[in-house]
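Please read them with the structure open beside you.

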Amino acid sequence: MERPELPLPQLHAFVVLAEELHFGHAAARLGIAQPPLSQQIRRLEDKVGHELFTRAPGRVALTPAGSELLPAARRALTDLADGLAAARAVGGGRAGRLRIGFAASLALTVLPGLLRTFRDRFPGVDLDIHEMTTAPQLAALHDRTIDIGLLREPPTEETELGFATVLSEPFVAVLPSTHPLAAQRTVRLAQLADSPFVLLPRAVGPTLYDQIVGLCTAAGFAPRIIQHAVEWQTVCALVETGLGVSLAPASIRRIRLKGVAFRRIDPGTSRTRVAVAWRKNDRNPLVGRLLATIGQDPPDSPAWSGR
């Protein structure tokens, strides 16, 4: 289909004249003199190949050709205005789509408040939320299938991604409620040496996994891991069955299972870090908007010039 080359000033002049049906009134509304208005209309008629208005002393009327063109001209101007507004909103970080990956346990801590605040501030933004463990989030950020990651214990050797801590929390012992240590308010880590463990697989969160194993090693034992589960909710459910014990971030206590006891650990100085992750070269202004929402300022970059 051939694309007509119609300058916007001609189309705008045509619509205004069609509404006013008076050259003087239309020219005043457009902020131009009558001769330039007449020239614009003549040029448009030349492109159409037919007159769009009948002209008589004191009277201007649309021709059948003009009446046919008017609805399309109005739609074109409206669509263009809407398109410009939408482009400005997206470019300014007030609209568009933001894809967020999050670790399931963060639904118990930072995620609900973050999403609620962001939606209140930017109601025109569509949020596309994906539940993912740490390693898949890192891969998705590199593959550009998500824009923001909310994860635990980001890697230290990463160069293409930026990270900022949003929360740190201690670890707790996760015990069956029938376990002898469940009667204590605080569990010394060495007391777990003879218990089997249920943990996340190392592949889904290597740094967190190594941190938990390191806690046990520092207490004088290597944990005997008999079962892995990808999500903390599943870990707790397996602990409830009496399969074993675990060490987990303290926010896991919000998972309410009658057969599970959560206890402070000694020593309790080690903490797990929750971080927001993003591509350093990402030019999506919505990334900067979300980082600002959680009080994190990304490095100076044209990517966030719309803030």
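1. Does F197 count as buried or exposed? The model is a predicted one, and in it F197 has a relative accessibility of 0%, so this residue counts as buried. F221 is buried as well, with a relative accessible area of 10%, because the cut-off for that term lies at under 20%.

2. The count of aromatic pairs comes to 3. One of them joins F197 and F221, whose ring centres lie 6.3 Å apart with 40° between the planes, an arrangement classed as tilted. This pair links distant parts of the chain, since F197 sits in strand β8 (residues 196-199) while F221 belongs to the loop between α7 (206-218) and β9 (224-228), 24 residues apart.

3. Helix α2 (residues 23-30) packs against helix α3 (residues 34-48) at an angle of about 100°, and the two axes are 9 Å apart. Angles from 65 to 115 degrees count as roughly perpendicular, and α2 and α3 are therefore described in that way.

4. On the α2 side of this contact are F23, G24, A26, A27 and L30, which meet Q34, L37 and S38 in α3. By type, the residues of the contact divide into 5 nonpolar and 3 polar, with no charged residue.

5. Helix α9 (residues 285-293) is mostly covered, 8 of its 9 residues being buried; among them are P285, R289 and T293. Just after α9, G295 adopts a positive phi of about 80°.

How values were computed. Residues numbered from 1 in each chain as written. Predicted model: local features only at pLDDT ≥ 70, side-chain atom pairs only at ≥ 80, totals over all residues. Heavy atoms only, no water. Phe/Tyr/Trp six-rings, centres within 6.5 Å; stacked < 30°, edge-to-face > 60°. Helix = DSSP H or I, 4+ residues; strand = E, 2+ residues; numbered from the N terminus. Buried < 20%, exposed > 50% of the residue type's maximum accessible area, 1.4 Å probe, protein only. Axes fitted to C-alpha atoms, helices over the stretch in contact; angles between N-to-C directions. Parallel < 35°, antiparallel > 145°, perpendicular 65-115°, else oblique. Contact = heavy atoms within 4.5 Å. Nonpolar A, V, L, I, M, F, W, Y, C, P; charged D, E, K, R; others polar.
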